[in-house]
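Work through the exercises below with the sequence and the coordinates at hand, and compare each step with the solution that follows it.

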Amino acid sequence: MGTPETSREPCPDRILDDIGGAFAMGAVGGTAFHFLKGIYNSPKGERFIGGTQAVRMNAPRTGGGFAVWGGLFSTFDCTMVYLRQKEDPWNSIIAGAATGGFLQMRQGLGPASRSALFGGVLLALIEGAGIMLNKVLSNQTMPPMEEGLPNMAGMPGMPPMPGQAPSMEEMSQPSSSSSWFGGLFGGGKKQEETSSGSKTQVLESFDAPSPPTFEFK
């Protein structure tokens, strides 16, 4: 399973990809938020129209703000990848802090510093949650270790392994063919082996009795 850094687009294409994704997310979320807000603030009987007007005026602006944030974040992220020559969560954390500070530069040094700190902490939490989720999923997808079956060859009732000589107990036991012939021509008794091969049962034959005689004494 790839990490969030290795599963993203390469750096030149990453900026456009993040701009489009951020704009779509901001537009969809802004549409839902401003529609509900317009319905709540509109008078009775004009709620639906007020909601659609609020969406038309504010949703594109919300999507544009998200797109600006996504574009700046990807630009700083690609810059850190170029400077550090490696992909790791520190690039995203530094890029989040730089984006937050850059967007608040017009407000002064204090607000820009607080915004940079907030952006760095937020990206650190997001990256940490992603790493923990990847570890949990990787542990769940690992197949369990299969235990080897015990060697049952040589035990009563089990066939020997290829290339292994039969045991003395197996040699002393009569074969199935000899027992069948003995029961057919033995005249009276039939031995039948059980599945375990350790015990025999003697079954009486089902021969018909001799015919009665009619001698008069």
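**Exercise 1: the course of a helix**

Find where helix 2 bends, and by how much, in this predicted model.

Solution. Helix 2 bends by about 35 degrees at Asn58, and within four residues of that position there follows a proline, Pro60.

Next, decide whether the end-to-end distance of helix 2 agrees or disagrees with its number of residues.

Solution. Begin with the extent of helix 2, which covers residues 47-84 and thus has 38 residues. At 1.5 Å a residue, helix 2 should span 56 Å. The C-alpha atoms at its ends are 53 Å apart, which agrees with that expectation.

**Exercise 2: the residue after the helix**

Determine which backbone angle stands out at Gln85, and whether this residue is buried or exposed.

Solution. Locate Gln85 first: it comes just after helix 2, in the loop that leads from helix 2 to helix 3. Its phi is positive, at about 60 degrees, although Gln85 is not a glycine. Finally, the relative accessible area of Gln85 is 61%, and because the cut-off for exposed is over 50%, Gln85 counts as exposed.

**Exercise 3: a nonpolar patch**

Identify which residues form the nonpolar patch on the surface, and which helices supply at least two of its residues each.

Solution. The patch consists of Val68, Trp69, Phe102, Leu103 and Met105, which together have about 460 Å² of accessible area. Helix 2 and helix 3, the latter spanning 89-103, each supply at least two of the patch residues. Take Leu103 as one of them: Leu103 is found in helix 3, and with a relative accessible area of 35% it is partly exposed.

Methods:
Residues are numbered from 1 along each chain as its sequence is written. This is a predicted model: local features need pLDDT of at least 70, side-chain atom pairs count only at pLDDT 80 or more; totals for chains, interfaces and linings use all residues. Side-chain values use heavy atoms; hydrogens and water are left out. The expected span of a helix is 1.5 Å times one less than its number of residues. The bend at a residue is the angle between axes fitted to the seven residues ending there and the seven starting there. Patches are made of residues with over 30% relative accessible area and no salt bridge: like charges are joined within 9 Å, nonpolar side chains (Val, Leu, Ile, Met, Phe, Trp, Tyr) within 5 Å. Accessible areas come from the Shrake-Rupley method with a 1.4 Å probe; for residues, only the protein chains shown count as cover. A salt bridge is a side-chain nitrogen of Lys or Arg within 4 Å of a carboxyl oxygen of Asp or Glu. Buried means under 20% relative accessible area, exposed over 50%, partly exposed in between (1.4 Å probe, protein chains only).
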